[in-house]
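Subject: Handing over a structure, with notes

Dear colleague,

I am passing on the structure below, followed by notes for someone who has not looked at it before. Please keep it open while you read.

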Amino acid sequence: MTVTRIRERETLQAVAARIRSHVVDMCAGPEGGHLGGAFSSADILAALYSSVLMVDPQRPDDPDRDRFLLSKGHAAVGLYATLAEHGFFPVEELAGYGRPGSRLMGHPVRAVPGVELPTGSLGHGLALGCGFALAARYAGRDARTFVLLGDGELQEGSVWEAAIAAASLRLDRLVAVVDRNGLQLTGATEGIAPMEPLADRWRSFGWAVRDVDGHDPDRLADHLNAAPWEPGKPSVLIARTVKGQGLPFLAGRSASHYVTLSPRNHARAARALQAMEATG
Amino acid sequence: MTRATREAYRDSLLPLLRRHPELICLDSDTGLFNAEYAATAGDQYLNLGIAEQNLMGVAAGMAACGRIPFVNTMAAFATSRALEAIKIDIAYNKLPVRIMATHGGLAAGHLGPTHQALEDLAVMRVLPGMTVVVPADAAATEAFVEQSLNLAGPLYVRLGRKPTPALPAAPPPVIGKAQTLRQGGDVVLASCGPYPVLACLAAADVLAGQGIEATVLNMHTLRPFDTETLVTAARPASLVVTLEEHWRSGGLGGAVAETLAEAAPTRVLRLGMPDRFVDEVGNQEHLVAHYDLTAEQVVRAVRTALDTEARSGRTDRRELIS
């Protein structure tokens, strides 16, 4: 199996831009969507699906595949856009997001090709990822498991239960990515429940840690491809991101958390993305 | 002969692990598998530590990759603390995780309400696709563990802690099929779990001496519920009494009342734990007696109900039918 470099001639930035563009369109639908967290994750998702994950959209159930879990399941619009862009289902299907008859629910569901397990209630993904990694080890498979966590999600105690288990089980084929956008529904994570120094916290739980720019997809891919970084330790990439990155009128604001774009703002957003793409 | 159902589970799982490499036992430091048992199970046993949400999540992840995890925890921690992981990670995904929940009902005894589970059956039986069983003795436990190999979805097994008595001769225990332990046309006594089933059998003896014939059902499977056996037994009867080590709401009594209300309206008396937290100190047998989950209470309940019915001049249902 090969990495799904569907768009080999495209830069990862271009892939991320297409993901954001789909997210904007979905958030202009009748139900809106979790735009801010999908935007902060877009470069991470582009790096994972275009350069890192060993997955085959034609055979999404291949037992030897790498597995990805969007533990911050509210960023479903970002995942759906990514999966569609990488050929797991037709891009046209994204237009049905949140609408009756569509399989694209507001949080990821198994009915969508490429979604491993449903997520959305925060704090579940890392334990599930431990289960994936453990099962792969028992089966003698080299596959890796990647789990994308929100930074607000780290307030859930179950995340740390799983962090303890992963280190204790020496699951070095498990890689967590924290989308460290610093904002949650009602404000700054550091104001609500401080987590810094976050890298030290993970390190003290027995994880190998790297703390990086979450909007440089090439570097993200390099780091993720290099994992495990320390033998016998699970890896966590703390990706410093901006919630709503790419939309000047929403970036860095809690208000970007859940957005239903009006036709006017939909057009504004599309223009902003075009400008972003043009400037690279 | 007495034997703890949790030990019967452990002893029946070990040979199954050898025969079925896809099985794995995940523990939350319950102590059920000591070093010797753990060594016997080899790498098919893992103690993940005291973290029940993680336990369920890891089990779900492994099950999604083709393994069949048996997870050991206490009923109180499984169904209250880790409920969301069971609901979302296991039940929603229809994954074949076997939740082996010890210290069910009052089995935690003197350890108190933090360790007792008097709500677990109510909670588990509402989850879509969850199979919920309460073996009444060691033999039934062994049978259910073996039968679980043929079960596609998740399973919750309520186990005890200390040795409890074996049931007298009974039809073979089969998941999903209530056991008719005695037949009689006047009343139905339905129960689950070691002490309640034995109490109902003893009550039936006493009632027979007073001219009241009881059908005694061991309704060990709360989901899928054996509606057919219950309705068939209830149809000729004027009264159904349930008895369980569970708060009176939502458990077996709830399942029986819901079922009969729709399928064969019959008077149902639900006997179980009073609507409060246990404040009495003592072992399981003491608490069962203290809270009157006994044959005596069943007899009293039946007599009172039938006497009231007779005094009010209500016509016997059987006469109406004939």
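Two strands are said to pair here if DSSP finds at least two bridges between them, and the elements themselves are DSSP runs, numbered from the N terminus, with helices being H or I of at least four residues and strands being E of at least two. This is a predicted model, in which local features need pLDDT of at least 70 and side-chain atom pairs count only at pLDDT 80 or more, while totals for chains, interfaces and linings use all residues. Residues are numbered from 1 along each chain as its sequence is written, and chains are lettered from A and ligands numbered from 1 in the order in which they are written.

Let me begin with strand E2 of chain B. E2(B) and strand E4 (residues 68–74) of chain B pair in the parallel sense over 5 bridges, and within this pairing Ile24(B) has Pro69(B) as its bridge partner in E4(B). E2(B) also pairs with strand E3 (residues 45–47) of chain B, again in the parallel sense, over 3 bridges, and here Cys25(B) stands opposite Tyr45(B). Between E2(B) and E3(B) the chain passes through helix H2 (residues 35–41) of chain B in a right-handed β-α-β crossover, where right-handed is to be read as follows: with the strands pointing away from the viewer, the path from the first strand over the helix to the second runs clockwise. E2(B), which covers residues 23–27, is mostly covered, since 4 of its 5 residues are buried; a residue counts as buried if 20 or more other C-beta atoms, placed from the backbone, lie within 10 Å of its own, as exposed if 12 or fewer do, and as partly exposed in between.

Chain B also holds an open sheet of 5 strands with mixed pairing, in the order E9-E11-E10-E13-E14. Strand E9 (179–182) and strand E14 (268–273) of chain B each have a single partner strand and stand at the edges, so one side of each is left without a neighbour in the sheet. E9(B) and E11(B) run antiparallel and are joined by 3 bridges, with Gln179(B) having Asn218(B) as its bridge partner in E11(B). Helix H9 (residues 227–234) of chain B lies across E9, strand E10 (187–191), E11 and strand E13 (239–247) of chain B, at about 170° to E11(B); axes are lines fitted to C-alpha atoms, for helices over the stretch in contact, and angles run from 0 to 180 degrees between N-to-C directions. Helix H10 (residues 252–263) of chain B packs on the sheet as well, touching E10, E13 and E14 of chain B, and its direction makes about 145° with that of E13(B).

One residue of chain B may be worth a look. Ile212(B) sits in the loop between helix H8 (194–209) and strand E11 (214–218) of chain B. Is Ile212(B) buried or exposed? Ile212(B) is buried, because 20 other C-beta atoms lie within 10 Å. Leaving aside residues up to four places away in sequence, Ile212(B) touches Asp186(B), Val187(B), Leu207(B), Val302(B) and Leu306(B), a contact being two residues whose C-beta atoms, placed from the backbone, lie within 7 Å.

Turning to chain A, there are 9 helices and 7 strands. Its radius of gyration (taken over C-alpha atoms) is 17 Å, close to the 19 Å that the globule rule gives for 280 residues, so chain A is as compact as a globular protein of that length; the rule is 2.2 Å times the number of residues to the power 0.38. Buried residues make up 55% of the 280 residues in chain A. In chain A an open sheet of 5 strands has the order E1-E2-E3-E7-E6, with parallel pairing. E6(A) is joined to strand E7 (residues 235–240) of chain A by 6 bridges, and Val212(A) stands opposite Ala239(A) in E7(A).

Finally, where the chains meet, 20 residues of chain B are in contact with 21 residues of chain A. On the side of chain B that touches chain A, H3(B) gives the most, with 9 residues.

With best wishes
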